[in-house]
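Visitor: Hi, I'm new to this one. Could you walk me through it?
Guide: Happy to, let's bring it up.

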Amino acid sequence: MNLFNTYLSDFCSLFFPALCCGCKTTLLRQEELLCTKCIYNLPYTNHNLQENNQLEKIFWGRVNILGASAFLYFKQGGTVQRIMHQLKYNNRPDLGFLLGELYGKHLIKHTEFKDYDAIIPVPLYRTKEKKRGYNQSEKIALGLGQSLDIPVNNSLLVRVKSTDSQVHKNRISRYENLKHSFIVKNNQPNLKKVILIDDTITTGSTLEACIEALNHNGIHEITVLGIAYAT
Ligand SMILES: [Zn+2]
């Protein structure tokens, strides 16, 4: 940024200060979307450092996966809830990219991501994506892909059913509700080992339905990742 642009952006920020998506404090010039304090204090799960971690256990007896990890714990009223709200409902696709990028950098410090053919974001139903303007999981996937150097494939898995609210359903009826919601389109036989990524993981029912669709189409090596995990 040249000096004039720096002055201009400082001048603009007097009237429209950029605020942290986590805590709403004014961001410093070198900070982007999240302040340093929020990034430092986020509730990291460190799932990737634990064998048979609590997230992997929710898939036991349901589907076979290579492993599962989420970046952060989601708590009602917490910073992560505010961040995820901004990502989904406040037109912040850039926040998704940043979270994916941060997570990727965190993961490769300790875990090797070898031989993955693609990162597949959990798709939204087309009318929902149109209304929101973007699929937040796809933005996360793009940031993650940049850090891990793995291509993103957003055309393989498609959501063919709009599912009504899952909030008041138990695990079985959530699963029934989601069954056959996803299909694999334009199957690409060169895809064998993939990362499936979602924004927030709660019961794992959405991911389970996605995994079944991928399994039906010959993709059996799947690692599940999420940004937030609501226990
Ligand atoms: Zn903050």
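Visitor: Let's start with C23: how accessible is it?
Guide: C23 is partly exposed, since its relative accessibility is 32%; buried means under 20% relative accessible area, exposed over 50%, and partly exposed in between (1.4 Å probe, protein chains only). Keep in mind that this is a predicted model, where local features need pLDDT of at least 70, side-chain atom pairs count only at pLDDT 80 or more, and totals for chains, interfaces and linings use all residues. Residues are numbered from 1 along each chain as its sequence is written, and side-chain values use heavy atoms, with hydrogens and water left out.

Visitor: And C20, buried or exposed?
Guide: C20 is buried, with a relative accessible area of 0%.

Visitor: Which atoms coordinate the zinc ion?
Guide: The SG atoms of C20, C23, C35 and C38 do, at 2.3 Å. Donors here are N, O and S atoms within 2.8 Å of the metal (3.2 Å for Na, K and Ca), and water is not among the atoms, so sites may look incomplete.

Visitor: What arrangement do the 4 donor atoms make?
Guide: Tetrahedral, because the angles they subtend run from 106 to 116 degrees; four donors count as tetrahedral if all angles lie between 85 and 135 degrees. For comparison, the ideal angle for four tetrahedral donors is 109.5 degrees.

Visitor: How are those donor residues spaced in sequence?
Guide: The spacing is C-x2-C-x11-C-x2-C.

Visitor: New topic: how many aromatic pairs are there?
Guide: A search of the whole structure turns up 3. Rings of Phe, Tyr and Trp (its six-membered ring) pair if their centres lie within 6.5 Å; planes under 30 degrees apart count as stacked, over 60 as edge-to-face and the rest as tilted. One of the pairs is Y44 with F71, which is tilted because the planes are at 55 degrees, with the ring centres 5.4 Å apart.

Visitor: Where do Y44 and F71 lie?
Guide: Y44 is in the loop between α2 (36–41) and α3 (54–57), while F71 is in strand β1 (residues 67–74), so their pair ties together parts 27 residues apart in sequence. Helices (H or I, at least four residues) and strands (E, at least two) are DSSP runs, numbered from the N terminus.

Visitor: Is F71 buried or exposed?
Guide: F71 is buried, at a relative accessible area of 3%. The rings of F71 and Y103 are stacked, because their planes are at 25 degrees, and their centres are 4.5 Å apart.

Visitor: So what do Y44, F71 and Y103 form?
Guide: One aromatic cluster.

Key:
Four donors count as tetrahedral if all angles lie between 85 and 135 degrees; four count as square planar and six as octahedral if opposite donors are over 155 degrees apart and all others between 65 and 115; anything else is irregular.
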